[in-house]
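This report covers one protein model. It starts with a single residue and then widens to the whole chain.

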Amino acid sequence: PAEAAELLGLSRPFVVRLLDAGGIPAERLPRSRHRRLRLTDVLAFQARREQRREGRQRVAGEVDSADLPY
């Protein structure tokens, strides 16, 4: 979780909450509190996060260009 947090630019506690909620798949190691994350899962989460950000920016741009109250 610490390495994933650094890669994503997020705090470790936030990444742990994402793992607990299933936002990023993780595997618990046997008889341990440690988790194993796959780089592909972390990068997929980052891509989904970027897509949502771009979508919000696109919607905000449309609202601004249409002079709608926001």
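## R35: a buried arginine

R35 counts as buried because its relative accessibility is 18%, and the cut-off for buried is under 20%. The model is predicted. R35 sits in strand 2, which covers residues 35-36.

What does the side chain of R35 pair with? It makes a polar contact of 2.8 Å with the side chain of D20. D20 is also among the residues that R35 touches once those up to four places away in sequence are set aside.

Is it buried or partly exposed? P25 counts as partly exposed, because its relative accessibility is 45% and that class runs between the 20% and 50% limits.

Beyond its neighbours within four places in sequence, P25 is in contact with L19, L37 and D41. P25 and R35 are 10 residues apart along the chain. Their C-alpha atoms are separated by 9.8 Å.

## Fold and overall shape

The protein has three helices and two strands. From the N terminus on, the order is α-α-β-β-α. The radius of gyration is 17 Å, while the globule rule gives 11 Å for 70 residues, so the protein is more spread out than a compact globule. Along the principal axes, the C-alpha atoms fill a box of roughly 60 × 20 × 20 Å.

How much of the contact set comes from residues 24 or more positions apart? Such pairs account for 30% of the contacts with a separation of 6 or more.

## Surface and charge

Of the 70 residues, 23% are buried. R35 belongs to that buried set. The accessible surface of the protein comes to about 5,700 Å². Carbon and sulfur atoms hold 52% of that surface.

R35 and D20, joined by their polar contact, count among the positive and negative side chains respectively.

How values were computed: Residues are numbered from 1 along each chain as its sequence is written. This is a predicted model: local features need pLDDT of at least 70, side-chain atom pairs count only at pLDDT 80 or more; totals for chains, interfaces and linings use all residues. Side-chain values use heavy atoms; hydrogens and water are left out. Helices (H or I, at least four residues) and strands (E, at least two) are DSSP runs, numbered from the N terminus. The radius of gyration is taken over C-alpha atoms; the globule rule is 2.2 Å times the number of residues to the power 0.38. Buried means under 20% relative accessible area, exposed over 50%, partly exposed in between (1.4 Å probe, protein chains only). Contact means heavy atoms within 4.5 Å. Accessible areas come from the Shrake-Rupley method with a 1.4 Å probe; for residues, only the protein chains shown count as cover. A polar contact is a pair of N or O atoms within 3.5 Å; within protein, one must be able to donate a hydrogen and the other to accept it, and residues adjacent in sequence count only if both atoms are side-chain atoms.
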